[in-house]
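Please read the following briefing alongside the sequence and the model.

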Amino acid sequence: LVGSVKTNMGHAESAAGVAGMIKAVLALQHEEIPPHLHLRELNPDIRVDPARLAIPSALTPWSSPRRMAGVSAFGASGTNVHVVVEQGPRPREAGAPAGRLRLFTVSARDEAALGDQIDRLTAALARTRAPLEDICHTANAGRAHFAHRLAILARDTAELQTLLAQAMTAADTRIARGHAGESRSPKVAFLFRGGDLSADAGRELYETQPTFRAAHDRGREVAGPRLNALFAFEYALAEMWRTWGVLPSAVMGEGIGEIAAACVAGAISLADGLALADAYGRDRAALEQLARRVTYAPSRITFASAVTGDCVPPALAFTADTVLRTGLDPKTAAAMHALREKGHRVFLEIGASADAATGEREGILRTLATLYVRGVPIVWDRVDSEGARRTASLPTYPFQRKRYWVEAADEEGA
């Protein structure tokens, strides 16, 4: 089929090429070929084989399995351009159950711009047909992030629109607001818990978060049947946060949690950490022997020891003596105070969620929302990796325009 944009808008001069491209793209998008206007009959001097070439005189459905169009532009100076465009990828099948909780973020340079952005987004959500996951991906990964921040948890577009409309005034646990520092990101400390772990801990994260699952599987491959559940869970959780861009500048832990902290800090290998955690939970004599054989390295980040209640030098961060004393008389509060003295203001607990009613994934997303509004950098492309995402049409930044015109001086007063 052959058509022309000239029949729609006449001679477009230098804009003819892009106008033809727009027409072709719209035809691809709507899966219909527009008619060639004003065509009554073909010039008798033009001989065309109808089986090979036709000029559409009516709106024609375009339902080929693979739709392609060629756009030609012939410039007056002799420049000829031909571009081939093809249909975009078909909408993917849903990669996650409908109603799954999503995190949506918006930010601005000041409160006025944030309010304007919220108003524009609320109006846009009323018109969009894009899936919630694409809306959230576009807002999170496709926009710059400024100091005044807002994060919303929602399960569908209607809920997001409602929460967004009241975000500046309402107090709702699904809404987080905060102000990020202009100069630098806050220092984050990972706090690894000791104690017991429920039988179901980590199951939802394993099923829904690829990074958590890969790290947990890596631990199982190394440890085999001797896998310590608490160590494996905390190691996988820490790896998930680090992959999302939440990088610790310090670690602290107690008991098996201190062993996991040492592994994340680079003071011991994953294999040694798994072996120590297994011995710690089973046999004190075996732990003493193993602790003397392990290879220890300097910590790559600040290490606050619950054994001493202080931040220790990198070379002494984790030793055989630490292994044998950890968890016996933990000085957790003192170690946290030492971290605060070194400028750490964000403490991220690496452990199972205490609120079983919300579920692990919801607890993680609530924590992520808090970290975001506090100014912690997030690598959004890695947060939700359930298949390919498509860009949704959302408003861009609402510039706060101000008039800076200098008025002419009054001649009488001059």
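Arg193 has a relative accessible area of 33% and is therefore partly exposed, where buried means under 20% relative accessible area, exposed over 50% and partly exposed in between, with a 1.4 Å probe and protein chains only. This is a predicted model, in which local features need pLDDT of at least 70 and side-chain atom pairs count only at pLDDT 80 or more, while totals for chains, interfaces and linings use all residues. Residues are numbered from 1 along each chain as its sequence is written, and side-chain values use heavy atoms, with hydrogens and water left out.

**Salt bridges**

- The structure holds 17 salt bridges, each being a side-chain nitrogen of Lys or Arg within 4 Å of a carboxyl oxygen of Asp or Glu.
- Arg193 forms one of these with Glu349, the closest N and O atoms being 3.7 Å apart; the pair links distant parts of the chain, since Glu349 is in strand 12 (residues 346–350) and Arg193 in the loop between strand 8 and helix 6 (203–208), 156 residues apart.
- Helices (H or I, at least four residues) and strands (E, at least two) are DSSP runs, numbered from the N terminus.
- Arg226, in the loop between helix 7 (210–223) and helix 8, and Asp278, in helix 10, are 52 residues apart, and their salt bridge has its closest N and O atoms at 3.1 Å.
- Within that pair, Arg226 is partly exposed because its relative accessibility is 42%, whereas Asp278, with a relative accessible area of 12%, is buried.
- Salt bridges that share partners join Arg155, Glu362 and Arg366 into one network.
- In the bridge between Arg155 and Glu362 (3.5 Å, N to O), Arg155 is partly exposed at 38% relative accessibility, while Glu362 is buried with a relative accessible area of 14%.

**Enclosed helices**

- Nine of the nine residues of helix 9 (residues 256–264) are buried, so this helix is largely enclosed by the rest of the structure.
- The buried residues of helix 9 pack against strand 8 (188–192), helix 8 (229–243), strand 9 (250–253), helix 10 (270–280), strand 10 (302–305) and helix 12 (320–325).
- Helix 4 (residues 132–141) is likewise largely enclosed, because eight of its ten residues are buried, and the elements covering them include strand 5 (102–108), helix 3 (111–127), strand 6 (148–154), helix 5 and helix 15 (380–383).
- Thr157, in helix 5 (residues 157–165), touches Leu125, Thr128, Ala130, Leu132 and Ile135, not counting residues up to four places away in sequence, contact meaning heavy atoms within 4.5 Å.

**Nonpolar cores**

- Of the 64 residues in the largest nonpolar core, Phe190, Phe231 and Trp241 touch the most other members; such a core is a set of buried Ala, Val, Leu, Ile, Met, Phe, Trp, Tyr and Cys residues joined through side-chain atoms within 4.5 Å.
- The largest share of this core, nine residues, comes from helix 8.
- A second, separate core of 25 residues includes Phe104, Val106, Leu160 and Leu163.

**Local features**

- Glu31, in the loop between helix 2 (16–30) and strand 1, has a positive phi of about 60° although it is not a glycine.
- Helix 9 is followed by Gly266, whose phi is also positive, near 85°.
- Pro313, in the loop between strand 11 (310–312) and helix 12, is 15 residues from Pro298 in sequence and 8.3 Å from it in space, C-alpha to C-alpha.
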